[in-house]
Each structure stands twice: as C-alpha cells, then as structure tokens.
Amino acid sequence: MDGRKSESIALSVTQAATLLGVSRPTIYQLLNRADFPSFRIGTRRLISRAGLERWVQEQTERGE
C-alpha cells in the first residue's frame with residue numbers, strides 16, 4: 001500500500017448526500033432521474049463516485 005486512504009468507487013445514499021451537502025430525501029428524488037449515475041446491487045441503490053462528479057460538472061455547465 002502507498003499509505004493513501006482508498007476511495008470507494010460507489011457511494012451510499014447517505015455518503016452521496018453528505019458529499020453534495022443535501023438531504024437524503026433529495027438524493028432519493030435524484031435517483032428517479034434518468035441522468036443521475038446510480039445503479040442497483042440487490043436491494044441497495046448506489047451512486048457512482050466518478051459518475052456523480054461528471055453529473056455535477058454537467059449540471060454546473062448547464063446552469064441547473
């Protein structure tokens with residue numbers, strides 16, 4: 001190991017909410033959007049970290 005803390009490639013709803021500074025209900029609303037980078041493993045909904053970064057950049061560029 002190189003001493004750096006590894007980052008998860010997928011985030012839980014709670015982690016994504018914390019990262020974006022929004023509430024969990026807001027993330028659950030975003031999960032219904034076709035362009036939001038989420039996926040399902042079993043019954044869990046996870047958010048792609050890289051996809052979330054791209055999604056935020058796209059929202060910033062569009063001014064949403």
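Is phenylalanine 36 buried or exposed? Phenylalanine 36 counts as buried, at 4% relative accessibility (buried is under 20% relative accessible area, exposed over 50%, partly exposed in between, with a 1.4 Å probe and protein chains only).

1. Basis. The model is predicted, with local features requiring pLDDT of at least 70 and side-chain atom pairs pLDDT 80 or more, while totals for chains, interfaces and linings use all residues. Numbering runs from 1 along each chain, and side-chain values use heavy atoms, without hydrogens or water.

2. Aromatic pair. The count is 1 aromatic pair (ring centres of Phe, Tyr and Trp, the last by its six-membered ring, within 6.5 Å; planes under 30 degrees apart are stacked, over 60 edge-to-face, the rest tilted). Phenylalanine 36 and tryptophan 55 make up this edge-to-face pair, at 5.0 Å centre to centre and 85° between the planes. Phenylalanine 36 sits in the loop between helix H2 (24–30) and S2, and tryptophan 55 in helix H3 (residues 49–62), so the pair ties together parts 19 residues apart in sequence. Tryptophan 55 is also buried, at 9% relative accessible area.

3. Strands S2 (residues 38–41) and S3 (residues 44–48) pair antiparallel over 4 bridges (pairing needs at least two DSSP bridges; helices are DSSP runs of H or I, at least four residues, and strands runs of E, at least two, numbered from the N terminus). Phenylalanine 39 faces leucine 46 in S3. The hairpin has 2 residues between its strands, and glycine 42 in the turn has a positive phi of about 65°.

4. Helix contact. Ala16, Leu19 and Leu20 in H1 meet Arg49, Leu52 and Val56 in H3 (contact is heavy atoms within 4.5 Å).
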